Every structure is written in structure tokens, then in C-alpha cells.
Amino acid sequence: MLPKRFPALIATLLVAASTQVFAAFPDKPIKVVIGFPAGGPLDQHARLLSEKLQAVLGQPLIVDYKPGAGGSVGAESVARSPADGYTIMLANTGVMVINGALYNKLPYNTLKDFVPIARTAQQPLALLVNNNVPAKNLKEFRDYAAKNPGKLNYGSAGNGGISHLVPEMFKNATGLFMVHIPYRGSAPAFTDLMGGQVQFMAESIPQAASYHKQGKVRALAVTSRERNPALPDIPTAMESGLKDFEVVGFYGFLAPAGTPPDVVAKLSDAFKQVLTNPEMRNRMVSQGADPAFLDSAGFAKFLAAETPRWEKAVKASGARMD
């Protein structure tokens with residue numbers, strides 16, 4: 001006959017064993033999937049964080065590139081991976097909250113197929129014009145565009161991306177009309193902006209600041225709530241008269257749905273430690289990304305709020321991808 005305390009003893013041992021399993025995480029390298037080719041902004045962000053994260057977690061982070069379909073190929077692979085914390089995803093605004101409205105058949109649902117780990121950065125954009133446009137600020141550009149309806153074009157890195165949707169938001173906020181010219185990437189779009197084939201563009205701060213400082217294009221405003229350190233003399237869109245016009249891209253890490261809460265918490269805390277490091281924050285700002293940590297719960301609420309906002313922008317733009 002078993003002692004009366006036996007069930008309680010078994011329960012205690014199971015809890016202890018479970019605690020030891022979670023405490024041991026991670027005991028092997030962690031794979032970080034990026035749904036874009038090597039060398040892009042997400043890759044740079046992952047590499048910037050990886051050294052400090054390894055010091056905190058005691059294991060290396062190995063970047064695995066799975067490009068295709070606007071990041072959807074990589075996202076699907078992570079959604080189908082074991083929910084053990086050893087395969088996670090670094091994603092951007094497009095992958096997390098735009099693709100769901102853009103693609104007719106998306107093989108994942110951000111809010112259902114993943115558990116957020118941490119938001120790590122926000123990245124505002126700059127509103128740019130070529131040097132032939134007779135406007136030195138956003139108000140002058142709005143006046144100029146209003147007097148030339150249908151005569152102005154704006155370039156983007158492709159249909160449905162953030163550089164397409166932000167100008168559409170700008171058009172909706174101002175009532176202006178401009179023709180969208182999509183390109184295969186931001187590089188050819190910038191070439192035509194500088195050459196005068198398109199007059200307007202919205203682009204992430206690092207690239208925009210570089211071209212602006214070289215005098216190749218003119219930055220009129222930034223889309224963040226505060227001015228950006230990379231373009232300190234350029235006002236925000238809100239300062240320039242666009243009430244509540246705050247549009248910021250973001251980066252974050254997610255794990256497959258069902259990943260144990262203790263594992264998610266440990267990963268989230270590691271990102272918090274890294275992102276509060278002054279050296280890391282300075283390096284991120286120098287790249288044009290604002291450190292913007294949110295823990296798992298905070299990031300989940302943020303994604304739930306951002307998703308309908310970007311769905312509305314996609315619908316207004318008319319963009320669809322098969």
C-alpha cells in the first residue's frame with residue numbers, strides 16, 4: 001500500500017523536473033529564421049543583437065535565411081517548427097501585420113500561429129522629394145501637389161510594402177492624388193527619384209538620411225512622433241500640420257504557438273537585457289532604428305492593435321498579391 005503522502009511527493013518531483021527542464025533552456029544553439037535574403041535590414045538587426053544575446057543566453061544564435069513571398073516562406077516554416085524555443089523568427093511590419101491583408105492565401109496567421117517574444121525596434125520613415133520639386137518643407141509640397149493633381153508620381157520598393165502604404169496613408173490624410181510607380185526594391189526606386197522620374201517617396205531613415213545628407217534628395221518630414229537623431233533638423237509630419245500622422249515600422253521576434261511560457265519569458269528577458277545596454281542602444285540609433293522593447297504580453301497587444309490599422313491601409317491602396 002502506497003503512503004498517503006506519495007501523490008504529493010510525485011507532484012513535487014514532477015514540478016521540480018519541469019523546473020529543471022525550463023531552467024536548462026537553452027542547451028543548444030537557437031535558430032533565427034529571416035524570410036528575406038542575407039544582407040538586408042533584418043539581417044543587420046539580427047547580427048547586431050546576436051553577440052550580446054549569446055552572452056546572456058549562453059548559446060549562439062544562428063541566422064537561417066528563407067526568402068520568398070514577402071517573408072511568408074520563412075514565417076510558414078517557423079509556424080510549423082517544434083514549439084520548443086529553438087526555432088524563432090525575426091520579422092518586420094510586412095511579415096507580421098501587412099501580409100495578412102495583402103496576400104489572398106497566406107499560409108500563416110500572425111495572431112494565431114505565433115507567440116510574440118519581444119518587439120525590439122521601431123523604424124520611422126522619411127518623406128522625400130527629388131531636388132527638382134520646388135518644395136522645401138511638407139506644407140510647400142502639399143500646396144505644390146494640390147496645384148498639380150495627377151502630375152506627380154511616387155515610387156516604392158514594391159506593391160503592398162511599407163514604402164507603398166505610407167504614401168497611400170499620406171494621400172488619404174491630405175486628399176492629394178499621386179500615381180504609384182512600384183519597383184523591384186528600393187534601390188531602383190531611389191535611382192528614379194534622383195533622376196526625376198518620380199517626385200516623391202517614403203523610405204526608412206537609414207537610407208533616406210544617407211541620400212539626404214549627400215544632397216541627392218530632399219527630406220521634408222519624418223513619420224515618427226519625435227524627430228529622429230539621424231535627421232535632427234527635419235520636422236515630424238505632425239509638426240508639419242498632419243495631425244496624428246505617426247507611422248512607424250517595427251521589428252520583433254516570435255516563436256511558434258504553443259512554445260512554453262517559461263521559455264518565452266526567458267527569451268524575452270534576454271532581449272530586454274540586451275536592449276537596455278547603452279552601447280547597443282547607441283549602435284541601433286546610429287543605424288536609424290529606435291530601441292523599442294516590449295515584452296511578450298505588450299507585444300501581443302501591440303500586434304493586435306496594429307493589424308487592423310494596416311489592413312485598412314492595404315484596402316485603401318487596392319494592393320493585392322496572389
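Start by selecting helix H7 (162-174) and helix H12 (residues 296-317). The axes of H7 and H12 come within 9 Å and cross at roughly 80°. H7 and H12 are therefore roughly perpendicular to each other; angles of 65 to 115 degrees count as such, under 35 as roughly parallel, over 145 as roughly antiparallel and the rest as oblique. Axes are lines fitted to C-alpha atoms, for helices over the stretch in contact, and angles run from 0 to 180 degrees between N-to-C directions. Helices (H or I, at least four residues) and strands (E, at least two) are DSSP runs, numbered from the N terminus.

The model is predicted: local features need pLDDT of at least 70, side-chain atom pairs count only at pLDDT 80 or more, and totals for chains, interfaces and linings use all residues. Residues are numbered from 1 along each chain as its sequence is written, and side-chain values use heavy atoms, with hydrogens and water left out.

Now show the side chains between the two helices. On H7, pick Ile-162, His-164, Leu-165, Val-166, Glu-168, Met-169 and Asn-172; they meet Trp-310, Ala-313, Val-314, Ala-316 and Ser-317 in H12. Contact here means heavy atoms within 4.5 Å. By class, this contact of H7 with H12 has eight nonpolar residues, three polar and one charged. Ala, Val, Leu, Ile, Met, Phe, Trp, Tyr, Cys and Pro count as nonpolar, Asp, Glu, Lys and Arg as charged, and the others, Gly among them, as polar.

From H4, Thr-93, Met-96, Val-97, Ile-98, Ala-101 and Leu-102 take part in the contact, and the H12 side includes Phe-299, Leu-303 and Trp-310. Nine nonpolar, two polar and two charged residues make up the contact of H4 with H12.

Next, go to the largest pocket. A pocket is an open set of points on a 1 Å grid over the protein atoms alone, where a 1.4 Å probe fits, with protein on both sides within 12 Å along at least five of seven lines; lining residues have an atom within 4 Å of a point. How many residues line the largest pocket? There are 40, and Phe-36, Asn-92, Ala-157, Gly-161 and Ile-162 lie nearest its centre. H4 gives the most to this lining, with six residues. The lining divides into 19 nonpolar, 18 polar and three charged residues.

Move on to helix H2 (41-57) and helix H10 (residues 261-275). The axes of H2 and H10 come within 9 Å and cross at roughly 125°, which makes H2 oblique to H10. Select Leu-49, Lys-52, Leu-53, Val-56 and Leu-57 in H2 to find the residues that meet H10, where the partners include Leu-267, Phe-271 and Val-274.

Finish with two loops. Pro-26 lies in the loop between helix H1 (6-24) and strand E1 (30-34). The peptide bond from Phe-25 to Pro-26 is cis, with omega near -5°. Ala-69 is in the loop between strand E2 (61-65) and helix H3 (72-79). Ala-69 has a positive phi of about 55°, although it is not a glycine.
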